[in-house]
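Let's take a walk through this model together.

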Amino acid sequence: PDYSQEPSRHPSLRINAKEPFNAEPTRENLISSYITPVEFFFKRNHGPIPLVDDISSYNVSIGGLMEKSVQLSLDDIKKLPKHNVTATLQCAGNRRTAMSNKKEVRGVGWDVAALSNAIWGGAKLCDALKLVGIEYNTKMTLSGGKHVEFISVDQCKEEDGGPYKASIPLHQASNPLSDVLLAYEMNGEVLNRDHGYPLRVVVPGVIGARSVKWLDRINIIEEECQGFFMAKDYKMFPPTVNWDNIIWSTRKPQMDFPVQCAICSLEDVNTVKPGQVTIAGYALSGGGRGIERVDISVDGGKTWIEASTYQKDNVQCIPYDISSDKWAWVFFKAVVGITEDTEIIAKAVDSSANVQPEHVETIWNLRGILNTSWHRVRLQIAS
Ligand code: MTE
Ligand code: MO
């Protein structure tokens, strides 16, 4: 693979792997603004960043199990109604390092910042699918298509040098309410190379792996895409499954992510003076489920207080209010008095009353995905 054409990146990013480039912002930078600046947005790749420089010849085809097929230039896509959707992308491997610390897992190590929030601008996939005759909320095409596959132009070693691929169900792809985008803008600017220039898919509420960057082709297919990242990765296995007894086909590709939160105002181990300490971080859930509340404990989980939660402009969240960004994280904050060494814990509850699991051991899995266990940081009092 050729890594000589990589774009430049912000020097403050924590690099977890250099080639392919995988990096996350510091905890402090992550929560410094509700909309993540593009330079701080986490970067997750499986190969070199492709260089698509001839936009006049760039196009995306939509084909497969449909009577019709089309080739769309970037201008054709820009002619479709434009939508701005605020959505948090989270890699399924977020917080993997903490899972690995309990028992080894395979995969790139991540702290708590393998996620970021952006305003994505683009066309809705459901509107592009109309161009091949697929109406809103279609479950199956006449020729038996039930999934929509996205194929990239990049080259991944896991695909033997072939492109990254993923699929989502057709009923989700063709549903205007699921807000799946063909995005050409990020935070009001032209999407940059790291994040998928000239065009990427954004599937809100779903693990980042399905939001294919550098889109080349869209295929209507019968069964889920059989690419590596659908069939042999990004699946959730029980703690008993290991590399000797794994049967990949027994599990479905992961789609929605579960309820998650992390403290970002503190590192894993901190020394502080006795007194007031700010506990701040993010919380989010998948599938468009909102955050009901975030609980904080300063005594290792014996007692809890509720943090305040907010999205834009530090305005207190009204859960499920239509003015809230349903696909985006919330920030939380609590100020607590600390007098002795202790463990601070945060756990979130989503709008379906799902709660994060207490211990990482109960959700340990060999690929180290979806670590959503209670987030803990240790505080030591300066002597
Ligand atoms: N798309 C392509 N073409 N190649 C990739 O390696 N990585 C996926 C997804 N889309 C990937 C991709 C994964 S695992 C994640 S978490 C997100 O992109 C990360 O998006 P970002 O780099 O814009 O943060
Ligand atoms: Mo990911």
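In what order do the strands of the open sheet of four lie, and is their pairing parallel or antiparallel? Keep in mind as you look that this is a predicted model. The order runs E13-E15-E19-E18, and the strands pair in the antiparallel sense. Strand E13 (260–263) and strand E18 (308–310) are at the edges; each has a single partner strand, so one side of each is left without a neighbour in the sheet. From one strand to the next, the twist averages 25°. To see one pairing in detail, follow E13 alongside strand E15 (residues 275–284): four antiparallel bridges join them.

Within it, strand E7 (residues 147–152) and strand E12 (residues 215–221) run antiparallel to each other, paired over six bridges. Here you can look for Glu 149, which has Asn 219 of E12 as its bridge partner.

Stepping back, the chain divides into domain 1 (14–250) and domain 2 (260–381). Their centres are 26 Å apart, taken over C-alpha atoms. Where the two domains meet, 37 residues of domain 1 contact 28 residues of domain 2. On the domain 1 side, helix H1 (27–30), strand E5 (82–90) and helix H3 (96–102) each contribute at least two residues. That side of domain 1 has 19 nonpolar, nine polar and nine charged residues.

Next, find ligand 1. It is surrounded by 18 residues, the closest being His 46, Cys 91, Ser 152, Tyr 164 and Gly 208. Sorted by class, this shell has eight nonpolar, six polar and four charged residues.

Finally, take in the chain as a whole, with its six helices and 21 strands. The radius of gyration is 21 Å, close to the 21 Å that the globule rule gives for 383 residues, so the chain is as compact as a globular protein of that length. Along its principal axes, the C-alpha trace spans about 70 × 50 × 40 Å.

Technical notes: Residues are numbered from 1 along each chain as its sequence is written. Chains are lettered from A and ligands numbered from 1 in the order in which they are written. This is a predicted model: local features need pLDDT of at least 70, side-chain atom pairs count only at pLDDT 80 or more; totals for chains, interfaces and linings use all residues. Domain bounds come from an automatic or database domain assignment. Two residues are in contact if their C-beta atoms, placed from the backbone, lie within 7 Å. Ala, Val, Leu, Ile, Met, Phe, Trp, Tyr, Cys and Pro count as nonpolar, Asp, Glu, Lys and Arg as charged, and the others, Gly among them, as polar. A residue is near a molecule or strand if its C-beta atom, placed from the backbone, lies within 6 Å of it. Two strands pair if DSSP finds at least two bridges between them. Axes are lines fitted to C-alpha atoms, for helices over the stretch in contact, and angles run from 0 to 180 degrees between N-to-C directions. The radius of gyration is taken over C-alpha atoms; the globule rule is 2.2 Å times the number of residues to the power 0.38.
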